[in-house]
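Please keep the sequence and the coordinates open beside the text.

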Amino acid sequence: MVKADMVMDVHCVRSYVGYTRLARAATRLRAAAVPVRLTFRPFRLAPDAPLGPLPLGTVLKALFGEGAEAYIARTTGQAAQDGLELALGRAVVGNSFGAHLLISRAAEQGRAEPVVERLFRAYFTDGLHIADPAVLREIAAECGVKTAHDESRPDGFLLDTSQAADELRAEMDRLRAHGVTGVPIFRVGDRVLCGTQTEDALFDALRAALPTRSAARVGPVRAAAPPLGCAAGRSRVRVGAVR
């Protein structure tokens, strides 16, 4: 079993690209009969963001001014190289806390990977407001995730006063206390990789975490490529931040 952790936010396009590459690298190992477990750690780029919805275009205009359109075109083109379709012009921003709560609930049921992928696609491609409890319920149902132990309270998993919410806040606080200031960040075995790594770099990190006998089944390790630029590359992440 190879274990990999990823610190990410569902509103971060680099996290979307990083997740896609990590999932593809994991699929390559699984095709060689190597079990891989991916765990997703919560991070919010804008922890004080309102529930929204706020058009992403408005946010980008405030950040980049007249360069917003160029940013959208560049980012869309880069994501397309990984087969991802972005529709940033219709994306709406909100607080991602509820989405992370859904990921946590999905992980308890072994459904985190499809939920993470669907949340990214809902936000970046479908223009859905993923801070909306109704949208989160629909995504949960689509991915086969039960969202409440008590079906009379279908939004119970989203309550700020729930034990799951308290645990999620504690995990976010722990990551920030260890120096995480941006995403994505990956931990594979005893290696921590900051930034949007290539698929091959992630595959090689996964393979390197295997016992020698198992690693022989999936070919040689190539030199890891450098990060492709990310705020996380400037984070001072202390050992043990991602575990």
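## V13 and its surroundings

Setting aside neighbours within four places in sequence, V13 is in contact with Y71, T75, L86 and F124, where contact means heavy atoms within 4.5 Å. V13 is found in helix α1, helices being DSSP runs of H or I of at least four residues and strands DSSP runs of E of at least two, both numbered from the N terminus. With a relative accessible area of 13%, V13 is buried; buried means under 20% relative accessible area, exposed over 50%, and partly exposed in between, with a 1.4 Å probe and protein chains only. The C-alpha atoms of V13 and F120 are 8.4 Å apart in space, although 107 residues separate the two in sequence.

## Basis of the model

This is a predicted model, in which local features need pLDDT of at least 70 and side-chain atom pairs count only at pLDDT 80 or more, while totals for chains, interfaces and linings use all residues. Residues are numbered from 1 along each chain as its sequence is written, and side-chain values use heavy atoms, with hydrogens and water left out.

## The chain as a whole

The protein chain has nine helices and six strands, and 48% of its 243 residues count as buried. Among contacts with a separation of 6 or more, 76% are between residues 24 or more positions apart. The accessible surface of the chain comes to about 11,800 Å², and 53% of that surface belongs to carbon and sulfur atoms; accessible areas come from the Shrake-Rupley method with a 1.4 Å probe, and for residues only the protein chains shown count as cover.

## Strand β1 and its partners

Strand β1, residues 2-8, is mostly covered, with six of its seven residues buried. β1 pairs with strand β2 (residues 36-42) in the parallel sense over seven bridges, and with strand β5 (residues 185-188) in the antiparallel sense over four bridges; two strands are said to pair if DSSP finds at least two bridges between them. Together, β1, helix α1 (residues 13-31) and β2 make a right-handed β-α-β unit, right-handed in the sense that, with the strands pointing away from the viewer, the path from the first strand over the helix to the second runs clockwise.

Individual residues show how β1 is placed. V7, which lies in β1, counts as buried at 0% relative accessibility and stands opposite I185 in β5. The C-alpha atoms of V7 and P42 are separated by 5.9 Å, the two residues being 35 apart along the chain, while the bridge partner of M8 in β2 is P42. D5 also lies in β1 and is buried, with a relative accessible area of 9%; its side chain is joined to that of R41 by a polar contact of 2.7 Å. A polar contact is a pair of N or O atoms within 3.5 Å, where within protein one must be able to donate a hydrogen and the other to accept it, and where residues adjacent in sequence count only if both atoms are side-chain atoms.

## N95 in its loop

N95 is found in the loop between β4 (92-93) and α4, and at 10% relative accessibility N95 counts as buried. Which residues is N95 in contact with, leaving aside its neighbours within four places in sequence? They are H11, R44, P47, D48, A49, P50, L51 and A131. The side chain of N95 makes a polar contact of 2.9 Å with the side chain of R44, and a polar atom of the N95 side chain lies 2.7 Å from the backbone oxygen of A49.

## Helix α6

In helix α6 (residues 133-142), the buried residues are V135, L136, I139 and A140. Seen down the axis of α6, these buried residues fall within an arc of 140 degrees, so they line one face of the helix, the arc being that of the directions from the helix axis to the C-beta atoms. The face turned away from the buried side carries the exposed residues E138 and A141, and what covers the buried residues includes α4 (97-108) and α5 (112-124).

At the N-terminal end, D132 caps α6, with a side-chain oxygen 2.9 Å from the backbone nitrogen of A134. α6 is followed by G144, whose phi is positive, near 75 degrees.
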